[in-house]
Amino acid sequence: MPSLTLIDSSQFHVDIPKELYEGHRHLTAEEIKILVSNGNTSEDSAWLNVLVSDGKGLFDANLISHTRFCGYVVLGRLVKAKLKYHSLELETGIHNSRLSNVVTGNDDVIENVSYLENYRLGDRVMLFNVQEISCRTNAKFGNGVLMEGESESKRICIGVANENDGRAIFPFESMIPSDAYLWSHYRDDKKVLECFKDMVQKEFLRTSVSYGTIGRDCVIKNTAIIKDAKIGECAYIKGAFKLKNVTIFSDEDAVSQIGEGVEMVNGIMGEGSHVFYQAVAVRFVIGKNCQLKYGARLLNSVLGDNSTVSCCELLNNLIFPFHEQHHNSSFLIATTVGGQSNIAAGATIGSNHNSRSPDGEIFAGRGFWPGLCSDFKHNSRFASFVLASKGSYQNELDVMYPFCLLSPGEKCGSPVNIVPAWWFLHDMFAIVRNKYKFAKRDKRFHKVQIIETNPFAPDTIQEVLAAINRLISLTADNLETLDKQAFLKCGSKEELLQAGKDFLHHNENLKFCVFDPLVQKKYGAEIYKPAKGYKMYRKITKYFASATLIEWCNQNNKQVLERTDIQHIQSIPLYTKWENVGGQIIPVQKVQDLFESIKNGNISDWHQVHEFYRECENHYLEWKARYSLYLLEFLYSCKIEDFTKKNYANLIADVTLISDELYNSSISSREKDFTDYYRCMTYRNVEEMEEVVGTLKGNDFLQTLEHDTKFFNEKLKVVFKELY
């Protein structure tokens with residue numbers, strides 16, 4: 001049975017906080033008479049528990065009816081007026097409600113609110129047909145903190161990335177995926193973990209209050225239960241089922257909305273986000289400008305900014321920004337996904353108890369795209385921009401080839417198939433468009449987190465370099481079969497690797513495969529078109545390096561790159577290992593520097609951690625420029641100071657060809673949508689097709705890409721002209 005406490009209220013007494021008296025006064029006898037005649041009652045027979053705005057004409061007792069006042073109630077300006085939001089139009093006032101320990105703002109509407117306790121409302125708030133809005137004095141509003149005397153079992157944590165809470169983190173109001181990533185994936189540094197916990201407690205104490213808040217211009221209607229909630233300005237909540245222990249950020253520039261049948265418990269939602277239509281979120285952090293709708297279930301997860309999730313289940317995940325998952329039969333469990341991802345219908349990505357150890361995990365880089373009805377075995381790991389075609393992958397995978405196509409083998413127990421650099425070879429339009437697409441979709445008004453949206457970035461390029469070396473090594477291992485004469489000339493491991501590199505370099509169109517035993521447990525993978533993939537990887541590396549140096553010149557107001565500039569860039573620290581930290585690309589060494597600063601006390605709160613991210617962003621371009629010189633040295637096998645005019649002329653010629661190829665291949669891959677027989681056969685004529693899908697010439701992205709390609713090619717010749 002529930003435990004009930006009987007409270008004797010015969011000796012009523014209430015202490016109104018002193019700070020609330022300012023600008024307020026007690027009721028007059030005439031006002032009390034009007035209130036009583038309108039069917040209102042008070043827990044205090046003398047009505048001393050009610051304060052109203054002080055000043056002539058600022059309080060009209062006639063606007064309150066059939067309402068019970070308990071504890072203390074402090075009312076803002078209440079004069080005859082109307083508030084209108086869409087089709088809902090209500091007169092200001094308080095009707096058919098019960099208020100206890102409540103402070104209202106100016107010109108509020110409270111109508112048919114059965115129980116409103118311990119809240120402070122902003123101006124022009126509309127509360128209409130709400131069953132309960134209450135707040136305990138020790139509410140935590142979704143933060144993973146403990147009050148004095150509470151046991152650890154009372155703490156709210158989020159078990160991201162792992163179903164057994166081995167990577168659990170404590171949510172806090174300003175948390176972004178970068179914080180969640182560092183906390184959940186560096187579990188070996190115990191001191192840093194303890195500092196993270198302390199910083200969460202400090203963050204909460206700095207902003208904590210003992211009452212719930214509903215910001216100005218909020219509208220809450222036809223809702224069942226709101227308990228222990230902090231709701232920001234201009235939020236719109238309609239038909240929600242339960243909001244409990246939550247912070248809902250919202251403001252006039254980024255309005256948050258919560259709709260019909262929604263249940264949200266123990267979490268934090270960023271401004272500009274929308275949660276609709278029976279969606280459920282429990283133990284969560286939802287970023288800015290996100291959508292959760294159509295029965296989606298987000299449990300024990302952090303969802304990055306600009307993500308959309310509907311009709312599916314996400315359990316124990318850490319998801320970086322720009323995640324898309326729209327389909328009812330798909331689920332995602334125990335993963336870390338690097339963002340810019342798209343989970344197709346029927347994808348069942350969940351831990352499947354495949355050993356005696358705790359359930360496994362999946363780690364996927366940026367641009368993870370599993371196909372229809374695909375499923376994977378935990379543990380698995382995927383490089384950036386892996387496209388996995390439809391199928392059942394029944395063994396653990398370690399796919400180390402970025403921008404590749406992964407497909408199942410012919411039968412169970414056979415190697416999987418991989419085409420390296422597939423996006424660039426067969427669907428250039430889609431991959432090049434990513435940079436523009438995600439930047440355009442970034443609707444955040446307050447951009448706290450820096451998100452890298454370009455597919456060509458240090459995190460992907462370092463994977464490209466690793467894939468290049470892997471292809472060279474595998475080709476060298478198979479050289480006896482591929483080119484026996486070249487193999488017989490090799491007397492050392494270094495000579496064999498060089499021969500493998502030379503073979504890839506000069507046989508781009510030769511049809512052959514190499515076998516990679518590490519990609520799939522037991523059965524490995526067949527790597528198709530390795531020479532084409534190798535050449536394309538080299539091309540995009542050259543393109544990235546050149547584009548970065550052009551960007552560096554633009555930022556430093558330089559028309560041309562001179563040898564003194566090369567020397568200056570060489571003086572910048574070189575970082576060759578990079579990490580996708582919640583959507584921001586940061587050198588691995590800088591992450592370690594952050595940890596040292598946290599452990600020695602130089603960084604002691606999350607605000608300073610976020611300042612560190614911004615400082616990394618301020619240096620990001622110069623670090624990329626230094627990395628670009630390193631890449632050019634790798635590609636040309638000589639020091640940058642030894643580059644000749646011939647080297648630079650070759651670089652310009654190659655990168656111009658690559659730039660043109662990016663544009664022309666984008667057109668040709670998109671052109672198929674307008675010329676392929678099977679893609680056109682559902683339309684009666686060309687006119688109908690163009691009305692439905694538009695025209696190739698009218699594609700905004702291709703028009704932008706054409707302009708950017710011409711500008712880049714011209715800039716390329718100018719920037720490097722002093723060096724060749």
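1. Let's start with the lining of the largest cavity: by class, it has four nonpolar, four polar and two charged residues. Here Ala, Val, Leu, Ile, Met, Phe, Trp, Tyr, Cys and Pro count as nonpolar, Asp, Glu, Lys and Arg as charged, and the others, Gly among them, as polar. The lining residues are Leu-75, Gly-76, Arg-77, Leu-78, Gly-93, Ile-94, Thr-104, Gly-105, Asp-108 and Ile-110. The space in this cavity comes to about 50 Å³, and searching the whole structure gives one cavity of 30 Å³ or more. A cavity is a set of points, on a 1 Å grid over the protein atoms alone, where a 1.4 Å probe fits but cannot get out; lining residues have an atom within 4 Å of a point. Grid points are joined across faces, edges and corners, and the volume is the space filled by probe spheres set on the points.

2. A word on the model itself: it is predicted, with local features needing pLDDT of at least 70 and side-chain atom pairs counting only at pLDDT 80 or more, while totals for chains, interfaces and linings use all residues. Residues are numbered from 1 along each chain as its sequence is written, and side-chain values use heavy atoms, with hydrogens and water left out.

3. Next, the aromatic rings, where a search of the whole structure finds 34 pairs. Rings of Phe, Tyr and Trp (its six-membered ring) pair if their centres lie within 6.5 Å; planes under 30 degrees apart count as stacked, over 60 as edge-to-face and the rest as tilted. Phe-385 and Phe-403 are stacked, because their ring centres are 5.2 Å apart and their planes lie at 10°. Phe-385 is in the loop between β31 (380–382) and β32 (387–388) and Phe-403 in the loop between β33 (398–399) and β34 (405–407), so this pair ties together parts 18 residues apart in sequence. Strands are DSSP runs (E, at least two residues) and helices are too (H or I, at least four), numbered from the N terminus.

4. Buried means under 20% relative accessible area, exposed over 50%, and partly exposed in between (1.4 Å probe, protein chains only).

5. Trp-422 and Trp-423 form an edge-to-face pair, because their ring centres are 5.6 Å apart and their planes are at 75°. Both tryptophans, Trp-422 and Trp-423, are buried. Elsewhere, ring pairs join Phe-170, Phe-172, Trp-183, Tyr-186, Phe-196, Phe-595 and Trp-606 into a cluster.

6. Now for the backbone. His-378 and Asn-379 are joined by a cis peptide bond, with omega about -10°, and Asn-379 sits in the loop between β30 (369–370) and β31. Cys-234, which is not a glycine, has a positive phi near 65°; Cys-234 lies in the loop between β14 (219–231) and β15 (236–238) and is buried at 14%. Ser-637 also has a positive phi, about 55°, without being a glycine. Ser-637 is in the loop between α13 (606–636) and α14 (645–675) and is exposed at 54%.

7. Finally, how many disulfides does a search of the whole structure find? The count is zero, a disulfide being a pair of cysteine sulfur atoms within 2.5 Å. For Cys-195, the closest cysteine sulfur is in Cys-616, 18 Å away and too far for a bond. For Cys-553, the closest is in Cys-638 at 20 Å, again too far for a bond. Cys-195 is buried at 18%, and Cys-553 is buried at 0%.

Notes:
On a 1 Å grid over the protein atoms alone, a cavity is a set of points where a 1.4 Å probe fits but cannot get out, and a pocket is an open set with protein on both sides within 12 Å along at least five of seven lines; lining residues have an atom within 4 Å of a point.
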